[in-house]
Amino acid sequence: MEKKKDPFKTDKPLYDYNINYDYSHLPNDLIEIIHELEKFDKDGDWFNYDMKFPLLDINAKAYLSNGRITEYDYKTLLKKYGGIYD
């Protein structure tokens, strides 16, 4: 009997591994979200990744508007982890 594939799992990358970015200078809560996203990617869990990514976007945008991260940081995070930036 063939094992049924989990529709909430993928073997494709969920973020852009080709973008090298040192996020160690970011606020800790952004780093924690990034670690969660990377864990979901490692597990192939696209569903939870897609649920968590908006939190990175919202928090990064708040830090950008408060001057705690740069526009480069913001755009790079969205491009690396979301494939987009605005």
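**View 1. Contacts of Lys9 in the predicted model.** Beyond its neighbours within four places in sequence, Lys9 is in contact (heavy atoms within 4.5 Å) with Asp43, Gly44, Asp45 and Trp46. Lys9 and Trp46 lie 37 residues apart in sequence, yet their C-alpha atoms are 6.0 Å apart. Lys9 sits in the segment before helix 1 (28-43). Helices are DSSP runs of H or I, at least four residues, numbered from the N terminus. Lys9 is partly exposed, at 36% relative accessibility. Buried means under 20% relative accessible area, exposed over 50%, and partly exposed in between (1.4 Å probe, protein chains only).

**View 2. A nonpolar surface patch.** Phe8, Phe47 and Met51 form this patch, with about 310 Å² of accessible area together. Accessible areas come from the Shrake-Rupley method with a 1.4 Å probe; for residues, only the protein chains shown count as cover. Patch residues have over 30% relative accessible area and no salt bridge; nonpolar side chains (Val, Leu, Ile, Met, Phe, Trp, Tyr) are joined within 5 Å, like charges within 9 Å. A salt bridge puts a side-chain nitrogen of Lys or Arg within 4 Å of a carboxyl oxygen of Asp or Glu. Met51 belongs to helix 2 (residues 46-65). Met51 is exposed, at 56% relative accessible area.

**View 3. Surroundings of Leu56.** Neighbours within four places in sequence aside, Leu56 is in contact with Leu30, Ile33, Ile34, Leu37 and Tyr81.

**Notes.** Residues are numbered from 1 along each chain as its sequence is written, and side-chain values use heavy atoms, without hydrogens and water. In this predicted model, local features need pLDDT of at least 70, side-chain atom pairs count only at pLDDT 80 or more, and totals for chains, interfaces and linings use all residues.

How values were computed. Helix = DSSP H or I, 4+ residues; strand = E, 2+ residues; numbered from the N terminus.
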